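Here is a short briefing to read with the model open beside you.

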Amino acid sequence: MTPQAIPARRRRAVVVGAGPVGCLAALMLAKRGWEVSLYEARPDPRLSSAKAASQQRSINLAISHRGISAIQAIDGSMAQRFMQTAIPMKGRMIHQLDGKWNSQLYDRDGQCINSIDRALLSEYFVNEVSASENIRVFFQHKVLAVDFDCRNITIEDTNNALTTTPSFDFCVGADGSYSVVRRQLMRVVRMNYQQEYIKHEYMELKMPASQDDEGCMKFALDPNHLHIWPRHSYMLIALPNKDCTFTCTLFAPSEELDRLNTPDIFLNWFRLNFPDALQEIGEKNLIHDFTHNPRSSLICTKLNPYHYKDRAILLGDAAHSMVPFYGQGLNCGLEDVRILNILFNQESAMSTASELLTDQEDEQMKRVLSRYSQERHKDLLAINELAMDNYVEMRHLVTTPIYLARKALDNL
Ligand code: FAD
């Protein structure tokens, strides 16, 4: 018996999570002609109340060629606009305990990584999705559950305490490290899943702008470097912001941070380990950040497969959280979208805007998603491990004579 054709209609995708990866996935699907609904649990980051909350934390990110080329692959002009807000960092600046420093270039041909403010990045992506005709964005809409076999999703509008259950053809889980979509997917997929909390936690500290002789704002350190104070079992790093400040992140074992349990103990420890950084941060600012900013843990997750039949996929941190020491978590999440787009392109007969849907599974979608799980997994495992290895490199190896000699040769 031939399956019954139903009238043509646009395919419906739901994307869960309007973080950078969810937004880029929504844009990619919209460009392919899908009708996209993007659900985000948090308020619109462009609202002043959300901005005020995000300003308490000023975390910035390093975006590399991997991430930029992923954005470029979906929309070239968008990548150009996006890069205007970034600060290029051509190398690492290693700060020794005695106050000496040395620059280690990332690339002898001048390739850089780029520092970008996380809040600006979110706003930027949200502007792009909001401007797309094929995307409807729902803020303060928290996904509670997904029924993949009935193809519907349960969403709570947290503003109005209303619950709805829209249907979908395709569901993208881009809802971060503690993904609800992943949890739901585990019920129907024989998914191997592994998670690990590392022994280290992190805390953000702000280094203010300094002033030049005419009273104008300037950076306290060279803005075109990622600054590292490696101290073997812990380290401090600093990335530049457009307003001439630096966001510093202190990484240390939980046990060490437990011991530093009063502002005075913390200040003395900081003075001993990072005297030159303290000079730029200032004691008052340091104590303020120590008492106001949270300590956060670092999780690493690995899983496989990433998809279900012809109808669901996990992208970004929902699929692979990694420790931040390689600066590739987001870059890799954006790359997920680029790879999925390539696989869609390779299914040449893949329909875009509208298609006669049948009650059968979509074999082309099934093939694309299955290829994604198969072909992407080894790369995701590799980058996850590189990220873990780079922690030892950043906090310890960069100070060893053999590493310094190798770097000097590289830069010749
Ligand atoms: P997220 O940014 O986590 O977005 C997920 C979104 O889903 C959120 O907006 C959330 O509110 C929403 N959501 C969650 N649950 C629900 C739900 N039930 N319903 C609806 N919405 C929901 N990466 C780099 O590439 N370079 C770096 O330099 C770098 N530095 C880092 C430094 C630190 C200290 C840390 C912790 C991470 C760093 N990363 C870096 C990693 C990077 O932050 C993540 O990989 C990236 O944010 C992942 O993006 P995402 O869109 O997948 O997830």
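Contact here means heavy atoms within 4.5 Å. This is a predicted model, in which local features need pLDDT of at least 70 and side-chain atom pairs count only at pLDDT 80 or more, while totals for chains, interfaces and linings use all residues. Residues are numbered from 1 along each chain as its sequence is written, and side-chain values use heavy atoms, leaving out hydrogens and water.

**Asparagine 60**
- Not counting residues up to four places away in sequence, asparagine 60 is in contact with Ser115, Ile116, Asp117, Arg118, Leu239, Pro240, Asn241 and Thr247.
- Asparagine 60 is buried, at 8% relative accessible area (buried means under 20%, exposed over 50%, partly exposed in between, with a 1.4 Å probe and protein chains only).
- A polar atom of the asparagine 60 side chain lies 3.1 Å from the backbone oxygen of leucine 239.

**Ligand site**
- There are 29 residues around the ligand, and Glu40, Ala62, Arg118, Asp317 and Leu330 come nearest (near means that a heavy atom of the residue lies within 4 Å).
- An oxygen atom of the ligand lies 3.1 Å from a backbone N or O atom of valine 21.
- For arginine 42, a polar side-chain atom is 3.4 Å from a ligand oxygen atom.

**Cysteines**
- The model has 0 disulfides, a disulfide being a pair of cysteine sulfur atoms within 2.5 Å.
- Cysteine 23 is buried at 0% relative accessible area, and cysteine 300 is buried at 4%.

Notes
A polar contact is a pair of N or O atoms within 3.5 Å; within protein, one must be able to donate a hydrogen and the other to accept it, and residues adjacent in sequence count only if both atoms are side-chain atoms.
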